[in-house]
Amino acid sequence: MATTTVPSSPSAKTNRIGLEVAQYKGNKSTLCAGCGHNAISERIIEACFELGIEPHRVAKLSGIGCSSKSPAYFLNTAYGVNAVHGRMPSVATGALLANHHLIAMGVSGDGDTASIGIGQFVHLMRRNLPIIYIIEDNGCYGLTKGQFSATADIGSKLKTGVVNDLPPIDTCALAIELGATYVARSFSGDKKQLLALVKGALSHHGTSMLDVISPCVTFNDHEGSTKSYSYVKDHDEPIADVSFVPFFEDISVEYDPGTTTDITLHDGSHMLLRKLSTDYDPTNKGEALRSLSDSHDKGEIVTGLFYVDTQRPNFIDLLNVMEEPLATLPEAKVRPPKEVLDQVMQSLM
Amino acid sequence: MATTHVEPKEAELPVGQARSVNDLSIQVATVNGSGSQTANLVLLRAIFQMGIPVSGKNLFPSNIAGLPTWFTIRASKHGYIARRRDSEYMVAMNPETAEEDVLSLKPGASCVYDDRLNLKRLRDDVIFYPVPFDKLVGPVCPDARLRKLVRNMIYDGVLAKLLGIEMEEIHTALQKQFRKKAKAAELNWNAARAGYEFADKNLVKSDPYYVERMNATQGKILIEGNAAAALGSMFAGVTVVTWYPITPSSSLCETLIEYMKRYRVDKETGKATFAIVQAEDELAALGMALGAGWAGARSMTSTAGPGVSLMAEFVGFGYYVEIPTVIFDIQRVGPSTGLPTRTAQGDILSTALLSHGDTQHPMLLPCSMIECFTMSIDAFDLAEELQTPVFVMCDLDLGMNTWMSDPFPYPEIPMSRGKVLSAEQVRQMGGFERYKDVDGDGVGYRTLPGTAERLAGWFARGSGHNEKAIYSERPDVYVNNVDRLARKFETARQKVPGPIIKDSARAEVGIIAYGTTHWAVEESLDQLRREHDIDAGYCRLRAFPFNQEVHDFIRRHQRVYVVDQNRDAQMLCLLRLESDAEEISKLRSVRHYDGLPVDARSLTDDIVSQEGLN
């Protein structure tokens, strides 16, 4: 089963809107060599290229930390905000209120999300804002030299030997519980799965929450860390083999009713989940939460698309705003005429 | 007058006591949550409808029901609408505070009271009007559960009779207050009439205070500052409103929601031309407003001191990234568990310099309902012209009390959206540099996310960027950046509303004030002239940063009293920061900070004392 689809473009080098992959690249990364975050940036670049996303429609948003630097390393011609620590969700919300045609691509870290930013994260998930929210999850604070974050596993060790004795927050379980409508976990080293999940997220109509385990090569890739490359590779348990078919491609070749679940996303794209050992139904909230809980008990890191709901209206739908972006509505639409002021004044006399 | 407990049947004024018309304060002491607000607003409105200048101050507790609350209504033929320290009339309805309320009255004052409270025994120099509220409310309100809410309306009728307020105007005011709730209006009207009839039959007017119809309110409106600011925001074309409830600012966004639903839904599509979101806290409220401002919307939030504190980090972010948004601060006494329902100009200094690093923010300082409206519009224009968060500094007195005002002027000039480049412009220019000071005013050109041009994209981040918005930590680049921001603040200085200055002939004593203090200063200026022959000049600040006119005013005078409604003389501190030694040597401080709106007498006494005249 193919996971990376070949775009139906005039030449192999350009995508369906005529752009080359180079036009989706960003500045040179200043993160450590081998950092998992760089691999995630690469998948974002590939996903946007392959789907023919218009870069000017993308709003890259981040908080503070190593993860939050990474939006500078993809989609150079898009628009971006490197906001304040843990508060990217609110900035993203505001940007989408102003212009709901933007494709909001939020990149956060585990500290930025699960510690300082847990309040805004919770409310973002609850609102089902149409945003792709990627947690580049390394279980530690890289930019301040390796302190534990709230996603660090119990018993995991810092380089200095300090042991974490608090349980981790499972951001996926939390997101499902709170109302996010596309929730997945992946591993920065799993190119195939991560690309399919990012592409699915780009086609989803509500909050897509992707927790991507991304080992910190400098502070958290040693023995005793549960977020090192070797640990994750050994303990990764995919719930299903994920494949993505964009709306502009024929899915018939991919579709094998006996072994796959087909989820049609808002824009007509399809997520195809090839079942592995269990009958996993990603539209069943209870099952998703159970499977996450079971994996914790077994000490496994389950990856894949846990939960998807393509029906729930997103936050922008609920606001019933004009089709045209609010940001650029002309004065005639936003300043009521003098008669309205006269009428109000009359009522106050 | 130092008399007398008056028996109801006596009717003559003591010798030498002249009739006093349209010049009195009525203090109503009730229990929070007892429906007294309605009775008080009806009274206020009835006096207003009789053409008499009037103001109302609600002094209420941080509580939904059960704690003491006072409402002061001042009627003044001279048009003075600041709070007064003393009242001529007291309505004592609250058993808990009644004794203290009566003891605080000046000799000769009148007191309408619930006869169960037996207040007569407390003073023999106050005129008492006992009213059997419980006895009167029964027949007019058969439903015992509603009696508590209707009972207060009885004192409206009693006062109408005693003071000469026309009952037709009480009736009209009631209709206005209850709008479509006909049954409630009728119940209340019956209560008011019962009060009137009781007073007519049983009380004999023994004080000299009257209200009489005049013609000083025609064409005027009654409104609260928060509603005025909401209207200003709507006519400013706000599109994204994000907020978190906090006293005393909540009614700003709540009123705005009502107006927007009514007047800002597109007729053709039935879709909203706005988005209003109640955020999870003030941090998120401002984060959303800034996100929206970055993406090109006219955005705002409203809050009070504790909210401003929480917003501090984001405000610095907005300052350095240069994102327009408008923040209304309805100031009050701090902190959250302080006196949140009492007024103060408490956030002036902290807001002017809010956040970390070198930051300064424009603040507009409305003093009236019209300025709440016009400065809201100014704030949105300024925010986009300057690409920075702009504060509108109201206070509880302005925001939550009912004020008389001339109707608001429709904005004459079109919305000013600032320096925004289109895709076509960027293409023609072959690119743009977001933070380059092209025009020498410190304000760069921006593009909005979504602008369909490859060269239009840019990445926003704090202060670590060069003119092209590219990451840089070079010392010279940083200095260049913050120096340009300082230049931008100089541009702000020229653009914000200048002070309103009334010079005096003598130019010896000057007064600088701002916001709601204005009304007490106006009255105090008259008192100083009349009682002490002090002819003071007056400079009313309307914005920070201050322009040259403010400095010239200080230089023209020998002694300049800066009036603050806070303990630490916050505006004086800001003036000191921006003034030279000669100016600073002239500045003196007058402060009022007990949580009540400042009154003229307090100002006059303080200035007279500092002038060494008593």
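1. Start with confidence. The predictor gives the complex an ipTM of 0.94 and a pTM of 0.95. Chain B averages a pLDDT of 95, and 97% of its residues score at least 70.

2. One stretch of chain B needs care: over residues 1–10, pLDDT stays under 50. The model still has 21 contacts beyond four places in sequence for that stretch. Where pLDDT is low, the predicted coordinates should not be read in detail.

3. Next, have a look at the open sheet in chain B. Its seven strands come in the order β11-β10-β12-β13-β15-β14-β21, and the pairing is mixed. At the edges sit β11 (275–278) and β21 (543–544) of chain B, each pairing on one side only.

4. Within that sheet, β10 (residues 240–243) and β12 (residues 299–303) of chain B run parallel and are joined by two bridges. If you want a pair to click on, V241(B) has M300(B) in β12(B) as its bridge partner.

5. Two helices of chain B lie across β10, β11, β12 and β13. Helix α9 (residues 250–263) of chain B runs at about 145 degrees to β10(B). Helix α10 (residues 282–294) of chain B lies across those strands too, at about 160 degrees to β12(B).

6. Over in chain A, which residues of helix α5 (residues 118–127) are buried? They are Q120(A), F121(A), L124(A), M125(A) and R127(A). Looking down the axis of α5(A), these buried residues fall within an arc of 165 degrees, so they line one face of the helix. Just after α5(A), N128(A) takes a positive phi of about 55 degrees.

Technical notes
Residues are numbered from 1 along each chain as its sequence is written. Chains are lettered from A and ligands numbered from 1 in the order in which they are written. This is a predicted model: local features need pLDDT of at least 70, side-chain atom pairs count only at pLDDT 80 or more; totals for chains, interfaces and linings use all residues. A residue is buried if 20 or more other C-beta atoms lie within 10 Å of its own, exposed if 12 or fewer, and partly exposed in between; C-beta atoms are placed from the backbone. Helices (H or I, at least four residues) and strands (E, at least two) are DSSP runs, numbered from the N terminus. The arc is that of the directions from the helix axis to the C-beta atoms. Two strands pair if DSSP finds at least two bridges between them. Two residues are in contact if their C-beta atoms, placed from the backbone, lie within 7 Å. Axes are lines fitted to C-alpha atoms, for helices over the stretch in contact, and angles run from 0 to 180 degrees between N-to-C directions. pLDDT is the predictor's confidence in each residue, from 0 to 100.
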